[in-house]
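Let's take a friendly walk through the side-chain contacts of a protein model, starting with charges and ending with rings.

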Amino acid sequence: AGERTMMIRKAFTHVQKKQKRKYGWVVGGLVFLLVGVGGFAWYRDSQVRKQTAMAQELFYSMKSMDVDIANVERLVAETGGASGAEQIRKFRERRMQMEGQYDKFLSGLKIYDKKLSEEDRLILRMARVFGECELAAPPEFMTEVKSYIAKWQSSSRYKMAVERAVSNGYNVRIAKEFLDRGLPPQFFYLAMQESNFDPFISGPMTYMGHAKGMWQFIPETGEKYGLKTGPLFELPRPDPGDDRHNWEKATVAASKYIKDIYSTDAQASGLLVMASYNWGEHRIIKMLQTMPNNPKERNFWQVLTKYKDKWPQETYDYVYYIFSAAVIGENPRLFGFQFDNPLAHLEKR
């Protein structure tokens, strides 16, 4: 090769070396950046998992406190005493502080800031209202709730029941009774599932007698909570002498009964209360008592995971019908119903 050719080759080799060094730095920089991004993503995910776990621990600590408050309230109601009332006040103050901390966790995790529909937000909020941790909800929960919402939308039953309740003032009285006992006013929808708010309805005959009234008490449970059984208890018809048909007395009895389940075997889970109310004290309660006696390990998600195949379909439907009705009730127009929230008066309190 001539001198000029050699010079060109040397220049080309020199350029190639510079390019290799340059691209080497670029590739190295990219690798470093990717490692950094991957490391940051791993760190961020680990922090999210850590914060989620901490939030769940805090939530179930709140629910344990709810059980303690409910039991102290029951003791104070039975024995009286200013010291008990002061203890309840302190418990409630601490409970409010914990709820504020939990809200901060949710804000940091952006649970409600994600691309959720308003329907999804209502479902998560209602899970929390009924004492279940929205962070622990299984993925299929929302889909299942929506299927029951669709069932309500496909009939006139929801509209007719709410209209009956509102026109007779049942919604105001029932909500007040449950709030006064420290329970979610949305237990209003349990009566809708039981009777469509018909105080004079009678259920089919069972080995424990006819269930009667708006809250469908059987004779044994009704008498346990102060409802006198009438002379026509063996007949499926209204009985003027039966307190179960007195919707106000029956509402007080139902709130007491539900509070007892809520503060003991259901471990402050409203959904487990519903299941217990439907399936009876001597069946679902025995199932619950086989599980650890704390809200973290005895809640709707845990029980459903362990015992779903042992639940009757009727009880499974019962819980989801009430829960989905409560979701709809928060914003009926969102779901195609032409009336407002029957519990909207509570927002003015």
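Glu-118 has a relative accessibility of 34%, so the residue counts as partly exposed in this predicted model. Its side chain meets that of Arg-121 in a salt bridge, with N and O 3.9 Å apart. Both residues belong to helix H3 (residues 118–129), where they sit three residues apart, about one turn of the helix.

Glu-163 is partly exposed at 39% relative accessibility, and Lys-159 is partly exposed at 41%. Elsewhere, salt bridges with shared partners link Lys-63, Asp-66, Arg-95, Glu-99, Asp-103 and Arg-128 into one network.

Across the whole structure, a search finds 21 salt bridges. One of them joins the side chains of Glu-73 and Arg-92, at 2.3 Å from N to O. Because Glu-73 lies in helix H1 (residues 3–79) and Arg-92 in helix H2 (residues 82–109), this pair ties together parts that are 19 residues apart in sequence.

Now for the rings. A search of the whole structure finds 28 aromatic pairs. The ring centres of Phe-188 and Tyr-189 are 4.9 Å apart and their planes stand at 80°, so this pair is edge-to-face. Phe-188 is buried, at 0% relative accessibility, and so is Tyr-189, at 1%. Tyr-316 and Tyr-320 make a tilted pair instead, with 4.8 Å between centres and 45° between planes. Both of these tyrosines are buried.

Key. Residues are numbered from 1 along each chain as its sequence is written. This is a predicted model: local features need pLDDT of at least 70, side-chain atom pairs count only at pLDDT 80 or more; totals for chains, interfaces and linings use all residues. Side-chain values use heavy atoms; hydrogens and water are left out. Rings of Phe, Tyr and Trp (its six-membered ring) pair if their centres lie within 6.5 Å; planes under 30 degrees apart count as stacked, over 60 as edge-to-face and the rest as tilted. Buried means under 20% relative accessible area, exposed over 50%, partly exposed in between (1.4 Å probe, protein chains only). A salt bridge is a side-chain nitrogen of Lys or Arg within 4 Å of a carboxyl oxygen of Asp or Glu. Helices (H or I, at least four residues) and strands (E, at least two) are DSSP runs, numbered from the N terminus.
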